[in-house]
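Biologist: Please guide me through some side-chain arrangements in this protein, one step at a time.

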Amino acid sequence: MFLRLTTAAVALCAALPAFADEVNVYSYRQPELIKPLTDAFTEETGIKVNVAYLKKGMVERLQAEGKRSPADLVFTVDISRLAAVVDGGVTQPVESDVLTANVPEIYRDPDGHWWGLTTRARIVYASKDAVAPGEVTTYEDLADPKWKGRICTRSGTHAYTVALVSAVLEHHGEEYTKTWLEGVKANLARKPQGNDRAQVKAIWAGECDISLGNTYYMGKMLSDPKQKAWADSVNVLFPTFENGGTHVNISGVAMTKAAPNRDNALKMMEFLASSKAQEVYASANYEYPIAPGTEATEVVKGWGDFTADDVNLMTLAGNRKAALRLIEEVDFDG
């Protein structure tokens, strides 16, 4: 489904001629998160942004379109999805002093194929009534039998879960990770289901006491009158690995291999990495900006401070296949 971000936006389902005043984007990110950025970019540069919102199949679509693809940029979340577009051979490396200055090395592809824009932490939502302060401090602790029948989470095969398991693998190796997964599964209050907000709703409803989720969902729930009660029922906790920090993931951008409007695409990438755009992006989705000198919103800062794990995200992407294999071996969703 294609949504128009400008009155002159064009459908991107067919190859388009390259015009000097436009840039075309394929996005997995939601329309309400992208529009403030595209509007700001157009206002600053005069370059029109056409966005196709996709739910799946981005790599396959770009591969099928090949050199005729109208897409210049892709927006997506999660390191595994960024790595997938690179592995699919549908991106090109980008060199830019602006991007290098604004995107820390840990949050970009070493070869310049993708660049991070904002981060989010994978945290624990804990019942204010049933979980005492200090009861949850590490990810390793989630496998402790004291949590038996008390944890809710989404599917083990979801990208967010796979990324966390990939981090456990990096810190502890396969044997430990499999045992950890078995322990977490044994502690589940119900089969994995729903999204991150559904887990917090389950805590509010008394079905479980703790859940895993991304930080930004707290902001979304607080801003929704129908979900505020869910958010008010939990505390935001920042667990760490025993030998590391809090697991984080990213949203990012990559330039397609075809990129008919390459110059405009580069301008947009550099704009997205700027302090101005980073703060707009982070504010729209309650995320953490990564450009030097930028800060999260007061709402986000109110959840507390944490130290991000320093494992390179491309390393986690490389662990994805092994993580999925272990998740399936323990039948985590079964």
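This is a predicted model: local features need pLDDT of at least 70, side-chain atom pairs count only at pLDDT 80 or more; totals for chains, interfaces and linings use all residues.

Biologist: Is the pair of Phe41 and Phe271 stacked, edge-to-face or tilted?

Modeller: The ring centres of Phe41 and Phe271 are 5.5 Å apart, with 55 degrees between the planes. Stacked rings need planes under 30 degrees apart and edge-to-face rings over 60. The pair of Phe41 and Phe271 is therefore tilted.

Biologist: How many residues apart in sequence are the parts that Phe41 and Phe271 tie together?

Modeller: Phe41 belongs to helix α1 (residues 31–45), whereas Phe271 belongs to helix α10 (residues 262–272). Both Phe41 and Phe271 are buried. The pair therefore links parts of the chain whose separation in sequence, in residues, is 230.

Biologist: Is Thr118 buried or exposed?

Modeller: Thr118 is located in strand β4 (residues 114–127). Its relative accessibility is 0%, and the limit for a buried residue is under 20%. Thr118 therefore counts as buried.

Biologist: Which side chains make polar contacts with the side chain of Thr118?

Modeller: A polar contact requires N or O atoms within 3.5 Å. One partner of the Thr118 side chain lies at 2.6 Å and is the side chain of Ser251. Another polar contact of the Thr118 side chain, also given as 2.6 Å, is with the side chain of Glu287. The names asked for are Ser251 and Glu287.

Notes
Residues are numbered from 1 along each chain as its sequence is written. Side-chain values use heavy atoms; hydrogens and water are left out. Rings of Phe, Tyr and Trp (its six-membered ring) pair if their centres lie within 6.5 Å; planes under 30 degrees apart count as stacked, over 60 as edge-to-face and the rest as tilted. Helices (H or I, at least four residues) and strands (E, at least two) are DSSP runs, numbered from the N terminus. Buried means under 20% relative accessible area, exposed over 50%, partly exposed in between (1.4 Å probe, protein chains only). A polar contact is a pair of N or O atoms within 3.5 Å; within protein, one must be able to donate a hydrogen and the other to accept it, and residues adjacent in sequence count only if both atoms are side-chain atoms.
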